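My entries are kept in the order in which I made them.

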Amino acid sequence: MTTSAPARERIPFIMRDLAARYLPAGDLHEGETALAKIVAEREDPFLVLISTILSQRTRDEMTERASRQLFAKYDTPEAIANADPANLVRLIQPVGFYRQKALQIQNVSRVLLDQYRGTVPGTYEELIALPQVGPKTANCVLVYGFGEPRIPTDTHVHRVSNRLGLVRTKTPEKTEQRLMKTVPKEFWLHINELFIRFGKDICRPIGPRCEACSFTSFCRYYRTVFAPKRHRLDQDRRKRSPGRKASRSMASK
Ligand code: SF4
């Protein structure tokens with residue numbers, strides 16, 4: 001696989017490599033993100049919706065901790081809608097903006113009770129009309145809550161897609177739109193889980209572990225940023241200690 005291969009041709013290679021690494025049985029229930037773990041325990045779109053709202057601008061580990069604390073006490077729209085707000089605040093404290101989010105999850109629970117008799121609607125259009133639900137949250141609920149192929153796009157999916165050269169976009173929203181055109185639908189269900197895991201494990205935001213990556217032969221970031229930087233560092237090192245090579249060769253004589 002080389003840089004000359006169009007993005008669409010690279011996708012099966014990328015997805016198979018990541019699936020072998022992170023989802024060998026091909027089952028999203030074996031995922032390691034907070035959402036995948038929550039769904040593996042209880043297949044409930046409501047829990048996915050609440051966890052996704054909690055996850056906004058928050059690390060996955062904190063989302064999982066707050067979700068578990070919350071769901072141990074309040075795990076239905078009715079329970080959250082009627083809860084003492086101070087209790088909600090206390091339980092979801094591990095996530096950022098927990099005061100705002102306590103109000104938001106109570107608000108969305110009330111809307112579900114009023115408009116959907118306490119169930120979570122299963123279409124993108126209905127989900128996006130709920131308070132606090134944007135494209136990423138709606139798609140997370142569809143993928144993890146209903147098993148519907150979509151491409152939820154957070155900062156990891158956005159960064160990895162751009163680095164690999166699958167898209168060239170400035171925002172996660174644009175990335176989602178481009179990926180939906182480029183990625184064959186058979187890969188949609190797993191792409192969020194796989195790119196998040198890869199983005200946390202290898203293609204990290206700062207200091208990506210390119211040496212441990214299978215995609216260097218066509219990765220745009222590797223070619224344009226990582227490899228030239230390493231080359232410059234090697235040259236600087238050689239300039240700073242020009243005698244090292246010579247003294248090594250003297251020593252070997
Ligand atoms: S080569 Fe580096 S930048 Fe490119 S996908 Fe792999 S880890 Fe990320």
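The entries below go from the whole chain to single residues.

**Basis.** I am working from a predicted model, in which local features need pLDDT of at least 70, side-chain atom pairs count only at pLDDT 80 or more, and totals for chains, interfaces and linings use all residues. I number residues from 1 along each chain as its sequence is written.

**Secondary structure.** I looked up the elements first, taking helices (H or I, at least four residues) and strands (E, at least two) as DSSP runs numbered from the N terminus. I find 14 helices and 0 strands in the chain. Read from the N terminus, the order is therefore α-α-α-α-α-α-α-α-α-α-α-α-α-α.

**Extent and packing.** I note that the C-alpha trace spans about 80 × 40 × 35 Å along its principal axes. I count a residue as buried if 20 or more other C-beta atoms, placed from the backbone, lie within 10 Å of its own, as exposed if 12 or fewer do, and as partly exposed in between. On that count, 36% of the 253 residues are buried. For contacts I require C-beta atoms, placed from the backbone, to lie within 7 Å. Of the contacts with a separation of 6 or more, 60% join residues 24 or more positions apart.

**Domains.** I took the bounds from an automatic or database domain assignment. It gives domain 1 as 34-146 and domain 2 as 210-252. Their centres, taken over C-alpha atoms, are separated by 47 Å.

**Ligand shell.** Which residues are closest to the ligand? I find 14 residues around the ligand (C-beta atom, placed from the backbone, within 6 Å), and the closest are Cys-203, Cys-210, Cys-213, Cys-219 and Tyr-222. Two or more residues of this shell come from each of α10 (155-164) and α13 (220-240). The largest share, 3 residues, belongs to α13. By class, I record 11 nonpolar, 1 polar and 2 charged residues in the shell. Here Ala, Val, Leu, Ile, Met, Phe, Trp, Tyr, Cys and Pro are nonpolar, Asp, Glu, Lys and Arg are charged, and the others, Gly among them, are polar.

**Positive phi.** Arg-117 has phi near 50° and sits in the loop between α7 (98-116) and α8 (124-128). Arg-117 counts as exposed because it has 8 C-beta neighbours inside 10 Å. Gln-132 has phi near 70° and lies in the loop between α8 and α9 (135-146). With 18 other C-beta atoms within 10 Å, Gln-132 is partly exposed.

Key. Two residues are in contact if their C-beta atoms, placed from the backbone, lie within 7 Å.
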